[in-house]
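Work through the exercises below with the sequence and the structure at hand. Each task is followed by its solution in steps.

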Amino acid sequence: MYSKELIKGTLRTVILRLLDREGRLYGYQMSKLVNERSQGNYQLSEGSLYPLLHKLVKDGLLVTETETVNGRSRRYYRITEAGRAAATDRREEFRRFVLTMRTLLDLQPE
Amino acid sequence: MIILNEEQVATVQAHLASAGLSESLSAELLDHLCCAIEARMEEGADFPTAVHTTLKSWPIRHLRGIQKNIRFTTKIKPMIFRFTTAAALLAGIVFMSPGFSPSPVAEVTTCTSHHNEEMLYSLTLPEKFEPPSASPIAGVEMEDILSCGYGMRTHPIFKVRKFHRGIDLKAKSGTPVLATADGKVIFAGSDGKYGITVRILHEDGYITVFAHLSEHIVERGDHVILGEKIAAVGSTGMSTAPHLHYEVLKDDKPVDPLALGRALPAGATEG
Ligand SMILES: [Zn+2]
């Protein structure tokens, strides 16, 4: 489990990358995938996931599609072309950030 | 695979209803909670236990918090930004004025930095982004230089009927091309049949596309304002003569650029 600060600073990058790879997902699926892929270390709270998703829609990076599944209405989020561009930018920025942190914190690969 | 029945879903819905959420958020969270409950039942828990464990981490206070947070990040935050900028400008004017005394500035600062969040949450802002409707060619109406409209047409090279995703505007090579709304450049470069192309992302899911350019002046990542020179007309890519191919996309779907100045296009409303 990582601190709230670290999750907060990276959630947008993680979600955009996830949708860039998968194309279309619904909220529960995103938290499940992130949880699984991080072996439970990156736990995102719904309290920050949904506000982020709605903000990304507002910014034109995602669009929503509502479907009825198992008798319930399910809202899918699909990444737009602009979203893909943002996902690439943020991922690249983070890659450089990791390299900088390695130098700053004197980290040796284990 | 376990799927909750209607009665079980109604139990979860009742919990959400007590939080007084908006209908669309309530439906979205209902699906999320039901999925979480199903996953716990999948692992062997019975329905009452699964509901109890799931809802324990979703108290009413927490649910209301999500709604507030959504309203804060999508509506209020941009407004605070504008408000703060306006206040800073005002403070600057007061400061610069000859009869300046420190008290008015103090008042301005107080009202921006100690804003009551509860009060902000209760504000509703109907503010909406105006879709890009300006002409990309300086001083000329789009209608006056239109050589090919939006929609079905016979392609000039392939002689087949094809959907035209934008409009073609007749202009001499080198004519300046202007941004039709404020936004951020998400692409500037060569793009296959489109030739040299600039794509700009605007608020509310609008993207404008300028194709067959002779050159682009802006680069990816640049912020542009309405009327800013971004490129020059050309004939790069699949083009027979110098012209500007201009597209407006709303949520990745093309809309008629000429219709935007008049009224909202079909399908461009929020849903
Ligand atoms: Zn065209």
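**Exercise 1.** State how many helices and strands chain A has and give their order.

Solution. Chain A holds four helices and three strands, where helices (H or I, at least four residues) and strands (E, at least two) are DSSP runs numbered from the N terminus. Read from the N terminus, the order in chain A is α-β-α-α-β-β-α. This is a predicted model, in which local features need pLDDT of at least 70 and side-chain atom pairs count only at pLDDT 80 or more, while totals for chains, interfaces and linings use all residues. Residues are numbered from 1 along each chain as its sequence is written, chains are lettered from A and ligands numbered from 1 in the order in which they are written, and side-chain values use heavy atoms, with hydrogens and water left out.

**Exercise 2.** Determine what share of chain A is buried.

Solution. Of the 110 residues in chain A, 43% are buried; buried means under 20% relative accessible area (1.4 Å probe, protein chains only).

**Exercise 3.** Describe the interface of chain B and chain A by contacts and area.

Solution. Start with contacts, meaning heavy atoms within 4.5 Å: 34 residues of chain B touch 27 residues of chain A. Next, take the buried area, which is the accessible area (1.4 Å probe) that two parts lose on being put together, summed over both. For chain B and chain A this comes to about 2,600 Å², with 54% of it on carbon and sulfur atoms. B:Glu28, B:Asp31 and B:His32 supply 22% of the area that chain B buries against chain A, more than any other three residues.

**Exercise 4.** Find the salt bridges across this interface and the elements of chain B that take part in the interface.

Solution. The rule (a side-chain nitrogen of Lys or Arg within 4 Å of a carboxyl oxygen of Asp or Glu) finds seven salt bridges between chain B and chain A. One pairs B:Asp31 with A:Arg74, with the closest N and O atoms 2.8 Å apart. On the side of chain B that touches chain A, the elements giving two or more residues are α2 (23-42), α4 (60-96) and β7 (196-201) of chain B. The most comes from α2(B), with twelve residues.

**Exercise 5.** Locate B:His202 and decide whether B:His202 is buried or exposed.

Solution. B:His202 sits in the loop between β7 and β8 (206-216) of chain B. B:His202 counts as buried because its relative accessibility is 3%. Finally, B:His202 and B:Lys184, 18 residues apart in sequence, are 6.7 Å apart in space, C-alpha to C-alpha.

Note on methods: Buried means under 20% relative accessible area, exposed over 50%, partly exposed in between (1.4 Å probe, protein chains only).
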